[in-house]
Amino acid sequence: MELNLPAEELPPLSTVSTDYTPEQQEIIEEYHHVQPVWKFALLSFFTFGLYELYWFYKNWSFIKEFEERDEIMPFWRGLFILFFGQSLFRNVLKRAHQQGYSQSYSSGWLLAAFIFLTFLSRLPDPLWLISLFSFIPLIPVLQARNYFFSKTNPEGKVSSAFTGGEIVTMVIGLVVFVLMIIGLSIGDQPY
């Protein structure tokens, strides 16, 4: 019995790379973090974008170790994503394509959209709340990253459960968010 699948669903054999050293495979297992989009969105939203900084930092840490590039300073590259975001997004997509990922995205446009949404936090009340959705342009990058880790470490698990630290962070963020909504609804009323 012959199975006929559309060509776009089958990765070209020449691009699939599984030739990793044992050290690189250990790094892949250490950083393996396939995260559902909904979890990434909740963490980003209720931490007011701080989780995104942590996510950038972890991605740069992986690249530094995986490529053995001592010149990479993950903290600073995560903090100054304006300057280093496009290369991060390209690196993630390149790795996913090496594993047969068929999707693509424009690193420049995603970075521009992320920065635009982030800068909307400077708008007056309540319009600045739009900036809480700055995680949306990062979703294609997250999906490419998830693809890479699911292909290179198939035994790894999907982290759909929240860790203790994530729960505490979300609860604090939720309390702050509720207080902000109450503050916005009360407004500047005279005493």
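Which helix do the buried residues of helix 8 pack against?

1. They pack against helix 2 (37-46). The residues in question are E166, M170, G173 and F177, where buried means under 20% relative accessible area, exposed over 50% and partly exposed in between (1.4 Å probe, protein chains only).

2. A quick word on the model: it is predicted, so local features need pLDDT of at least 70 and side-chain atom pairs count only at pLDDT 80 or more, while totals for chains, interfaces and linings use all residues. Residues are numbered from 1 along each chain as its sequence is written, and side-chain values use heavy atoms, with hydrogens and water left out.

3. Overall, the chain has eight helices and zero strands; helices are DSSP runs (H or I, at least four residues) and strands are E runs of at least two, numbered from the N terminus. Of the 191 residues, 39% are buried.

4. Now have a look at T118, in helix 6 (residues 107-119). It counts as partly exposed because its relative accessibility is 34%. Beyond neighbours within four places in sequence, T118 is in contact with S131 and S134, contact being heavy atoms within 4.5 Å. A polar atom of the T118 side chain also lies 2.7 Å from the backbone oxygen of F114.

Conventions. Polar contact = N/O pair within 3.5 Å; in protein donor to acceptor, adjacent residues only side chain to side chain.
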